[in-house]
Structure formats: C-alpha cells, structure tokens
Amino acid sequence: MDLSVIVVNWNTKKLLEDCLRSIFKFTKDVTFEVIVVDNGSKDGSQAIVKKKFPQVKLIPNKDNRGFAKANNQGIKTAKGKYILLLNSDTYLIENSFKKLVKKADEVDDLGVLGPLLLNEDRSIQQSVGFFPDLPQIFWWMTFVDDLPGGTVLKPYHVDHDYFYKSEHEVDWVTGAAFLIPKKVVDEVGLLDEKIFMYGEDFEWCFRIKTAGVKVYFSPVAKIVHLGGGSVNKIRTNAFVGEFRGLEYFYKKYKGNISLQILRFLLKMGTLFRIAAFAIFGRIKTAKSYVEVLKMAG
C-alpha cells in the first residue's frame with residue numbers, strides 16, 4: 001500500500017465529513033487507507049464515519065488523548081509505505097495524495113514532506129519554518145523576520161508567500177499535513193506523547209533531521225486548511241500552547257540557561273506585541289496576548 005492517511009478528530013463532525021468526502025472524491029491512482037482516530041467526540045462524529053464512510057478504519061477513544069497520542073495509535077496500525085498525518089479541518093481540491101507520493105519517491109533521503117497549505121480563500125498559509133533557536137525566537141517575537149528579505153534569517157515561522165512558490169529543505173513542517181515514510185518512523189520513533197498539542201511537529205522534525213534525513217517542502221500538492229485562515233480569529237489557547245511547546249523543547253534539548261533566556265524573550269516579546277497591536281488598532285489581538293501573558297505565567 002502506498003499511503004496511510006491518519007485523521008485525528010475531536011468534535012469536528014462536519015469538518016471531518018467534508019475532509020473524508022474530499023479524500024474519496026479526488027484520490028485516484030494511488031493505493032491508500034484512511035484511519036480516523038476519534039478522541040471521545042460527543043457530537044456524533046463516530047456515527048458519521050460508520051454510516052457514511054464504512055471503508056474508513058475507525059479507532060474510537062473514550063476521552064481526548066491529544067494530538068500526539070492519537071496519531072501514534074493510528075501510526076501503529078498503518079500499513080502504508082508513507083504515513084500522512086492530516087487535520088480534520090482540511091480538504092482536498094485536487095489529487096493531492098498521488099502528487100505527494102510521487103514527490104516523496106523522487107526526493108533522496110526523505111524524512112518528511114509537507115505540501116502547500118491554502119486558506120479557504122486559496123491564499124497561501126504559512127506552514128513551515130526553521131528550528132526555534134534563540135535568535136529565531138527574537139526575530140519572531142519582534143516581527144523582524146516579517147520584513148522584506150526576512151527568510152535569510154531562517155525564521156521560526158516562514159511568513160513570506162514567495163518562499164512557498166518553490167521547493168525547499170526546511171527544519172519543520174506543520175502537523176496539519178505531514179507525510180513521513182514508515183521506515184523513518186521505525187528509525188526515529190513515534191511522536192512525543194508528553195506533548196498534548198502544539199510543538200509536537202517541530203520536536204519530531206528535530207529528531208528526524210538529527211537522524212540525517214531531509215525535511216522537505218514542496219508546492220507540488222495543494223491542500224486547503226481551515227485552521228488559522230482568518231486574521232480575526234483569536235487563538236489564545238493556541239498561543240499559550242505554542243509557548244509551552246517551546247518551553248518543553250528547550251527543557252528536553254537546550255538546557256536550563258537557554259530555557260531561562262527563552263522565557264525572557266517570550267515574556268518581553270508578548271509585551272511588545274501587546275503594545276504593537278494596540279497601537280495599530282488590533283485591540284482584540286492585543287487583549288488576546290494579555291491573556292497569553294496571564295495564562296503562560
């Protein structure tokens with residue numbers, strides 16, 4: 001089998017249905033399976049899968065086990081040469097899986113392949129970056145890497161559309177659409193289950209790159225991802241989750257001095273962002289960062 005597609009779901013019945021329908025509508029000329037791991041949804045998600053998509057393998061959990069643990073459940077049952085982690089809030093608009101598998105076969109020493117993610121309006125969505133070393137954290141929190149030419153700084157989040165119009169080796173790709181050869185999983189291990197959500201993708205990519213294989217981005221295949229598609233969406237929990245993911249990464253790999261510097265940069269950067277967003281009239285976003293400051297401690 002070419003591909004195992006793993007979709008983790010938690011109370012996103014309509015999104016999940018749209019995602020699965022698009023998969024079976026557009027996917028051709030590639031052998032694949034779809035595994036849905038449901039984290040104890042109460043909205044009828046499991047019933048929809050059983051009724052409308054009997055060809056899907058459903059793994060029902062009684063509670064929300066988080067992104068990493070649920071994906072690992074799917075990976076352990078996967079039979080494909082490649083494994084694709086796919087968010088439930090994504091959908092296909094073309095035969096993306098065939099293109100991804102073809103590209104994966106072409107890249108020597110492939111560790112991870114990320115496709116081009118699009119917002120609902122088909123604009124480019126940032127989805128890759130470089131490892132969050134201390135300089136990258138500073139550039140990110142102060143918006144320096146958003147300036148023209150910011151990609152030369154190897155930013156933690158690449159937010160320049162031109163970057164996404166060609167193929168690149170990067171340090172990490174988002175877990176929203178994350179293709180990895182099964183043999184690489186066997187070598188480096190599963191997702192770190194100590195991370196409930198946020199940060200598990202770049203932590204896994206760190207181990208994968210350390211193993212000597214490539215983390216690769218290619219716009220050859222397009223997938224629409226609804227998450228993060230609106231600049232008006234206030235995602236306080238996501239901000240806090242990312243900060244905590246960074247702290248965990250530094251505790252695991254960087255040592256205490258670097259961890260303390262990271263915490264300082266995140267706190268000062270958050271204060272800077274509160275002031276910047278308030279000055280430019282984005283009051284809701286500024287208030288969101290005030291909440292981040294409170295929640296993150």
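In the predicted model, helices α7 and α8 are roughly parallel to each other. Their axes come within 10 Å and cross at roughly 30°, an angle that falls under the limit of 35 degrees and therefore counts as roughly parallel. Helix α7 comprises residues 200-210, and helix α8 comprises residues 236-253. On the α7 side, the contact is formed by Phe202, Glu203, Phe206 and Arg207. These residues meet Gly245, Leu246, Phe249, Lys252 and Tyr253 of α8. By class, the contact of α7 with α8 has five nonpolar, one polar and three charged residues.

Helix α5 contributes Leu134, Ile137, Phe138, Trp140 and Met141 to the contact. From α9, the contributing residues are Ser258, Ile261, Leu262, Leu265, Leu266, Gly269, Thr270, Phe272 and Arg273. Division of the contact of α5 with α9 by class gives 10 nonpolar residues, three polar residues and one charged residue.

Helix α1 (residues 13-26) packs with helix α2 (residues 45-52) at an angle of about 25°, and the axes of the two are 9 Å apart. This makes α1 roughly parallel to α2. The crossing in which α1 passes α2 is right-handed. Within α1, the residues in contact are Lys13, Leu16, Glu17, Leu20 and Arg21. Their partners in α2 are Ser45, Ile48, Val49 and Lys52. The residues of the contact of α1 with α2 divide into four nonpolar, one polar and four charged.

Several loop residues were also examined. Leu191 lies in the loop between α6 and α7. With a relative accessible area of 5%, Leu191 is buried, since the limit for that class is under 20%. When residues up to four places away in sequence are not counted, Leu191 touches Ala68, Asn71, Asn72, Leu85, Glu200, Trp204 and Arg207. Among these, Arg207 also takes part in the contact of α7 with α8. Glu203, another α7 residue that meets α8, is 12 residues from Leu191 in sequence and 8.2 Å from Leu191 in space, C-alpha to C-alpha.

Tyr198 likewise lies in the loop between α6 (182-188) and α7. At 29% relative accessibility, Tyr198 counts as partly exposed. The phi of Tyr198 is near 80°, a positive value in a residue other than glycine. Phe143, too, has a positive phi, near 65°, and is a residue other than glycine. In general, most residues other than glycine have a negative phi. Phe143 is found in the loop between α5 (134-141) and β8 (168-170). The relative accessible area of Phe143 is 24%, and the residue is partly exposed.

At 7% relative accessibility, Gln125 counts as buried. Residues up to four places away in sequence being left out of the count, Gln125 touches Leu117, Leu118, Asn119, Tyr164, His225 and Gly227.

Lys42 is found in the loop between β2 (32-39) and α2. Lys42 is exposed, with a relative accessible area of 72%, a value over the 50% limit for that class. Lys42 and Ile83 are 41 residues apart in sequence, and their C-alpha atoms are 27 Å apart in space.

A disulfide is a covalent bond between the sulfur atoms of two cysteines. The structure holds zero disulfides. Cys19 is buried, with a relative accessible area of 1%. Cys205 is buried as well, with a relative accessible area of 0%.

How values were computed:
Residues numbered from 1 in each chain as written. Predicted model: local features only at pLDDT ≥ 70, side-chain atom pairs only at ≥ 80, totals over all residues. Heavy atoms only, no water. Axes fitted to C-alpha atoms, helices over the stretch in contact; angles between N-to-C directions. Helix = DSSP H or I, 4+ residues; strand = E, 2+ residues; numbered from the N terminus. Parallel < 35°, antiparallel > 145°, perpendicular 65-115°, else oblique. Left-handed = near helix turned anticlockwise from the far one by under 90°. Contact = heavy atoms within 4.5 Å. Nonpolar A, V, L, I, M, F, W, Y, C, P; charged D, E, K, R; others polar. Disulfide = S-S within 2.5 Å. Buried < 20%, exposed > 50% of the residue type's maximum accessible area, 1.4 Å probe, protein only.
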